[in-house]
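Please look over the sequence and the model before reading on.

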Amino acid sequence: MTWEERWHPLRGEWVIVAAHRQDRPWSGDTVQTEQPELSEYVPDCYLCPGNSRVSGQVNPAYEQIFVFDNDHPSVAMDAPKSDAPPSSVYSARPATGISRVVCYTPKHNLTLTELEQPEIVNLMSTWSEQYLLLSQHREINHVLIFENKGTAVGVSNPHPHCQIYANNFVFKTIENEARASRKYFEENARILFQDVIKAEQQDGRRIIAENDSAIAFLPYFARYAYEVFVAPKETHSSVATLSSQEIDDFADVLKRVLVKFDNLWKMPFPYVMPLDRAPTDGGDYGSFHFHIEFHPPLRKPNLLKYLAGPEIGGGNFLSDTAPEEKAAELRALSDIHYKQEAKS
Ligand SMILES: [Zn+2]
Ligand SMILES: [Zn+2]
C-alpha cells in the first residue's frame, strides 16, 4: 500500500499518492466499453478522403497523411481585435495563431495504435515538419501538438487524427517544464529529464518499453493511473532533431506502449497525448528534453479519474493508484495487439 507525497520534478509540485483507498465503494458514472465495428470509409465523416468539410472544402483522395487548417480554429492569424480595452486589472488581445488537423491515415477505422511502425515514422516526420514550419512565424511562440482519443475525452469522431495549436504564447505545462529544466541545469549542470530516465532505469519497475535510444516509463510521480512518458534517451529540444535511427527506435517504443494500452482492457484505450517540446519564442532551451506524455482518463475500464477538489480546487493531483502496480500491469501485457492475436 502506497500512501505518500511524491515530488513531480518537471512540474515542480507534489502529487499525493493515496493508493490505500483504491477499492473504496463507488457508485458514480461509468464509461461504455462496448465498441461498435467501424468501416474503413464513412460518407459523412469530415476527415475521410473525398468528403467535404463544414468550410465547403473537399478533402483530397489522400493515401497517407493529410494536414489541413482547422475549419473551427481556436486561434487564427486573422483573429478579431477586441473592441474596447477592458478596465483596470483585465487585459485582452487577439487569439493569434494557426490551428491545424493532421489525419494519420485515410482509414476511418484505424487508430494510432494499429498503424504499422513505418507509418508512425512518417507521422513523426510530419510532426517535425509542422513544428519547424509553424515556428518560423514571428508571431508563433509555441507549437502544441496533441491527440485526444476516445469519447472519454470528448472526441466524437474516431477517425485517427491529432491537432496542432500554434500560438502566440507558451502553454503553462511547457513553461513549467522549461523553467524546471533550466533551473536544474543551472544548479546541477545536468539535464533534469536525463536524471529522471536514470532514476527510472535504476529502479526498473516502472519501465514499460525500451530499446537502444528510446524509453517509455510510467513515472514515479505519475498523476494519472496509466500515465506513460515516451522519450529519446539523448536530449533533443524537439522531435525535429532526432536522427532517423532515433525516430525508428522512438516509433518502436511508442507502438509497444500503444498496443499494451489497448491490450489492457481489450478496447481502444482513450488518452490525451501531448508532444512536449521546447517553445519557439527564441529562448534558450538546451536543457529541454523532448517527450510524449500519455494522460489516460480511465482508472478502470468503466471508471473515469474525476478531477475534483484537490485537482481543480487545489491544483495538485491526488492519485488513487501506486505507479509501481499500474506499471506492473502494463509490463505484463503482450506487445501483440489483441485484434491481431484474435486473427492468428
Ligand atoms: Zn473518417
Ligand atoms: Zn512533459
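## Zinc ion (ligand 2)

In this predicted model, the zinc ion (ligand 2) is held by Glu 177 (OE), Glu 177 (OE), Asp 276 (OD), His 291 (NE2) and Glu 293 (OE), at 1.9 to 2.7 Å. Donors are N, O and S atoms within 2.8 Å of the metal (3.2 Å for Na, K and Ca); water is not among the atoms, so sites may look incomplete.

Along the chain, these donors follow the spacing E-x98-D-x14-H-x1-E. Asp 276 in strand 10 (residues 271–276) and Glu 293 in strand 11 (residues 291–294) are 17 residues apart, and the pair links distant parts of the chain. Strands (E, at least two residues) and helices (H or I, at least four) are DSSP runs, numbered from the N terminus. Both Asp 276 and Glu 293 are buried, meaning under 20% relative accessible area (1.4 Å probe, protein chains only).

## Zinc ion (ligand 1)

Cys 45 (SG), Cys 48 (SG), His 108 (ND1) and His 159 (ND1) coordinate the zinc ion (ligand 1), at 2.0 to 2.3 Å. The site is tetrahedral, with angles of 102 to 116 degrees among its four donor atoms; the term requires all angles to lie between 85 and 135 degrees.

Cys 48 is buried, at 0% relative accessible area, and His 108 is buried at 4%.

## Helix 4

Just after helix 4, Lys 266 has a positive phi of about 50 degrees.

## Conventions

Residues are numbered from 1 along each chain as its sequence is written, and chains are lettered from A and ligands numbered from 1 in the order in which they are written. Local features need pLDDT of at least 70, side-chain atom pairs count only at pLDDT 80 or more, totals for chains, interfaces and linings use all residues, and side-chain values use heavy atoms, with hydrogens and water left out.

Terms used:
Buried < 20%, exposed > 50% of the residue type's maximum accessible area, 1.4 Å probe, protein only. Tetrahedral: all angles 85-135°; square planar, octahedral: opposite > 155°, others 65-115°.
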